[in-house]
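Dear colleague,

I am handing over the structure below, and after it I set out what was found in it. Please keep it open while you read, so that each place can be looked up as it is named.

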Amino acid sequence: LFNESREKRKQDMEDDGFQLVSRRKGAKARKSCVKPVIGADVDVETWTDDEISSCDARLQLVRNDLRASAFLKSFCEQLEEVIVSWKKASAPCASTEDKATLPAASARLPGDGALCAPLTPAAAAVDVVCYGIGPFGHSSQARCQMAVLLLVMEFLQAQNLLGKCFLYDPILQQGEACIAQNHGIRLIEDNEEGRRSVSQCTVFFMPHCGRSLYENLLASNWQPSLLRRVCIIGNGFSSYLERLPTHTFQAETPHLALAQAIATETRVKTEEHGDSFNDTAIHTFEATGLPDSACDFWRCARGEFQDDDHVSSSELSTWRWLK
């Protein structure tokens, strides 16, 4: 699910100005953060404190540039719609007067100081889970994605909604893992392959991940009471339907094939950062738009199709009435 050439990665990082230092036998590494948890299949290469600081400084520059961008303003406005929908679902008795007092998303951009007023009434905390962020120590695309992840955390924190943030990528090096932890991100120890069931509203940040990760995530939350708490920032589900034969799509990723029919998909505007977020969309599952838990729809993803072959494209489209 996560593939990267370690030798190519090492060469790319050295070309980008890093001098990777392998630990000598008997030598002690300088302590710069708590011991990171990284993939067991990745060679551990110890970064010096200067290398960690340099990498983090680059990340901060990108984050600061993004703060003033039209991209972030649009992204936060889209994320705000998700928060409002969750708030409405968790507090259906909230008055229209309460909703009218909410500042616009653009008035609560990360780093905006006193304008970052919390949402009222208070909603439950929102967790953030990131899979496959990539080698942000040397990849400009991964660095941009990491900066946006941090800004998503800031956006939620500004509204007193941020719960815990988790990250897993087996190709993270020691220095990258330290930087993530220093920003308050908890590293997932084991490769759960996307199989994480939610217990509260959760934003899954996984742009450019493989289909298998989306499939496993959806399968682990394949019931209305869980899906309504899930927001997936990743590859547009509808794009898969356009690019793959229907039978192949359903056979290989049945939950994803059906999810694209019931998800509310909002494309991320990528005029400024197309390389990092091309074909990226925010997916949510409106509580009022999901089939009843007893509906045959939920059985289809488990292979219990009513046809001997597969669910046709026209049958998939009939689920659009849920919108």
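**The sheet and its strand β4**

Strand β1 (residues 126-131) and strand β4 run parallel and are joined by 4 bridges, where strands are DSSP runs of E with at least two residues, helices are DSSP runs of H or I with at least four residues, and both are numbered from the N terminus. Two strands are said to pair if DSSP finds at least two bridges between them. Before going further, please note that this is a predicted model, in which local features need pLDDT of at least 70 and side-chain atom pairs count only at pLDDT 80 or more, while totals for chains, interfaces and linings use all residues. Residues are numbered from 1 along each chain as its sequence is written, and side-chain values use heavy atoms, with hydrogens and water left out.

How many residues of β4 are buried? Strand β4 (residues 202-206) is mostly covered, with 5 of its 5 residues buried, and here buried means under 20% relative accessible area, exposed means over 50%, and partly exposed lies in between (1.4 Å probe, protein chains only). Thr 202, Phe 204 and Met 206 point one way from β4, whereas Val 203 and Phe 205 point the other way, and all are buried.

**Helix α7 and what surrounds it**

Helix α7 (residues 211-220) and helix α11 (residues 254-262) have axes that come within 8 Å and cross at roughly 75°; the axes are lines fitted to C-alpha atoms, for helices over the stretch in contact, and angles run from 0 to 180 degrees between N-to-C directions. α7 is therefore roughly perpendicular to α11, given that angles of 65 to 115 degrees count as roughly perpendicular, under 35 as roughly parallel, over 145 as roughly antiparallel and the rest as oblique. On the α7 side the contact (heavy atoms within 4.5 Å) is made by Arg 211, Tyr 214, Glu 215, Leu 218 and Ala 219, and on the α11 side by Pro 254, His 255, Leu 256 and Ala 259. By class, this contact of α7 with α11 has 6 nonpolar, 1 polar and 2 charged residues, where Ala, Val, Leu, Ile, Met, Phe, Trp, Tyr, Cys and Pro count as nonpolar, Asp, Glu, Lys and Arg as charged, and the others, Gly among them, as polar.

α7 is mostly covered as well, since 7 of its 10 residues are buried, and these are Leu 213, Tyr 214, Glu 215, Asn 216, Leu 217, Leu 218 and Ser 220. What covers the buried residues of α7 includes β1, β4, α8 (224-227), β5, α9 (237-243) and α11.

**Single residues to look up**

Gln 159 lies in the loop between α5 (140-158) and β2 (162-168), and counts as buried because its relative accessibility is 1%. The side chain of Gln 159 reaches the backbone oxygen of Phe 155 at 3.4 Å.

Cys 76 is placed in helix α3 (residues 70-90), and with 2% relative accessibility it counts as buried. Although Cys 76 and Val 152 are 76 residues apart along the chain, their C-alpha atoms are separated by 8.0 Å.

Most residues other than glycine have a negative phi. Glu 193, in the loop between β3 and β4, has a positive phi, near 55°, and is partly exposed at 30% relative accessibility. Asp 279, in the loop between α12 (274-277) and β7 (280-284), also has a positive phi, near 60°, and is partly exposed with a relative accessible area of 21%.

**The protein as a whole**

The protein has 14 helices and 7 strands, and of its 323 residues 50% count as buried. Among contacts between residues at least 6 apart in sequence, 75% join residues at least 24 apart.

With best wishes

Terms used: A polar contact is a pair of N or O atoms within 3.5 Å; within protein, one must be able to donate a hydrogen and the other to accept it, and residues adjacent in sequence count only if both atoms are side-chain atoms.
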